Amino acid sequence: MSLFDTRVPAVLLRTDRNPFHHGTLGAVRSLGRAGVDVHVVADCAHSPVRASRYVTGLHTPPPPGASTEEIAAALRRVAARIARPAVLIAMDDACAVAVSRARAELAPAFLLPDQPGGLPERVADKAELAGVCASLGVPHPETLVPDGPAEAARAAWRLGLPVVAKWSRPWLVPPGGGLRSTVLVRSAREAGELYRRAEEAGSRLLLQAFLPPGPDRDWFFHGYADRTGAVRAGGPGRKTRARPRGAGLTAVGRWSPNPQVQALAERVTRELGYRGVFDLDFRRCGATGGYHLLDFNPRPGAQFRLFTDSAGLDVVRALHLDLTHRALPDGVARPGRTFVVENYAPLSALRPAPDGRELAWHAPDDRAPGRALWSLWGRHVASRLLDRARRRRGRPAAGAPARARVVRQAGAPPADRADPAGRAGLPDRPDDDRAGSH
């Protein structure tokens with residue numbers, strides 16, 4: 001007899017247009033392998049996800065930047081087609097916030113965690129998160145929210161250059177406009193110029209002290225807080241390779257025991273009364289040794305399949321089991337297990353993995369997405385190189401203001417790539433690595 005109530009389908013919701021969001025495929029496979037029907041409400045037209053044998057149905061998503069009402073209307077249409085209650089899983093921050101806002105309206109058709117009102121929106125907002133951490137006594141980089149260009153410049157000097165600049169609600173940043181959710185600014189002038197684009201970004205600019213990178217400093221914790229508030233499934237992981245190098249999403253991650261990170265994650269979710277799947281990012285401070293909470297994502301992280309225990313339980317399966325009132329199996333953690341995103345770290349996918357490994361795209365029981373990946377990825381890379389060549393031809397003249405460089409709070413490449421002033425340089429983050437997608 002299956003552990004799962006396979007009469008209850010799952011609906012995965014995502015509005016960002018990243019075709020290489022491997023977390024969506026991970027959720028499709030995780031639940032599909034358990035015998036659950038999986039419906040995907042996302043743009044999969046040019047994504048390997050659509051090739052998975054475990055996709056039951058593909059549905060047209062609301063457009064990026066859709067309002068809560070538009071997202072709720074799209075979900076009502078999906079619910080009418082499925083014609084039975086389903087577990088709803090938001091796969092990006094914008095959708096997690098919208099589902100939280102429309103919970104009362106969606107609840108008859110969808111099974112959702114009983115979340116305190118507005119909590120997903122509060123923790124996903126980068127400025128609000130700073131206040132949350134302060135109220136809980138959780139380490140967080142010093143953060144200032146300026147109210148004008150001149151104050152932004154002064155704040156940058158006060159924090160000490162370089163500083164991290166973030167838009168508080170990164171899911172509102174419009175695609176294709178040249179803005180990034182998070183950048184490293186190296187001058188007070190850059191901070192002031194960035195503030196002037198706040199209306200375009202759609203949310204407040206905040207400036208944050210930069211925590212220097214270093215070995216073993218980037219950590220994450222994925223978990224599921226059940227109906228009682230207990231954290232089930234998941235665990236602490238270490239980012240061993242990022243894309244871009246030192247400053248981006250997890251290309252290679254390792255399940256690594258860390259009692260301090262685990263205790264912090266459990267305390268934060270317990271004291272907030274959080275329920276559901278979550279993904280936390282931490283940076284260890286080299287000076288104090290303390291772990292600073294950088295991001296609280298109220299949805300599955302893209303590499304959540306890293307934390308699959310000996311009973312096959314991961315955070316997405318835990319959500320489905322808990323919301324359908326099924327018992328969660330007691331599995332054993334599998335530290336040392338690795339997760340590799342092949343298109344970002346192809347050589348790592350070929351190295352021996354004695355403690356076990358999960359690949360983002362390739363799987364013996366679901367080969368089509370892995371085959372589709374390389375042709376789609378090749379076209380994607382060629383398109384990006386062509387765009388880059390065009391931008392270089394239109395490069396600003398000498399003496400123009402330097403462009404802020406992109407970080408994902410806030411790694412930097414090794415010291416051998418430092419700029420002439422002795423500060424670590426950071427490569428631009430690609431457009432498809434948008435906040436809330438990973």
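Helices here are DSSP runs of H or I with at least four residues, strands are runs of E with at least two, and both are numbered from the N terminus. Axes are lines fitted to C-alpha atoms, for helices over the stretch in contact, and angles run from 0 to 180 degrees between N-to-C directions.

This is a predicted model: local features need pLDDT of at least 70, side-chain atom pairs count only at pLDDT 80 or more, and totals for chains, interfaces and linings use all residues. Residues are numbered from 1 along each chain as its sequence is written, and side-chain values use heavy atoms, leaving out hydrogens and water.

The protein chain has 12 helices and 17 strands. Its mean pLDDT (the predictor's confidence in each residue, from 0 to 100) is 90, with 89% of residues reaching 70 or more. Over residues 397–438, though, the pLDDT is below 50. Where pLDDT is low, the predicted coordinates should not be read in detail.

Now for a pair of helices. The axes of α7 (residues 149–159) and α8 (residues 188–195) come within 7 Å and cross at roughly 145°. Which residues of α7 and α8 meet? With contact meaning heavy atoms within 4.5 Å, they are Pro149, Ala152, Ala153, Ala156 and Trp157 from α7, and Ala188, Ala191, Gly192 and Tyr195 from α8.

Next, burial. Buried means under 20% relative accessible area, exposed over 50%, and partly exposed in between (1.4 Å probe, protein chains only). Of the chain's 438 residues, 58% count as buried.

| Residue | Relative accessibility |
|---|---|
| Cys44 | 3% |
| Cys95 | 0% |
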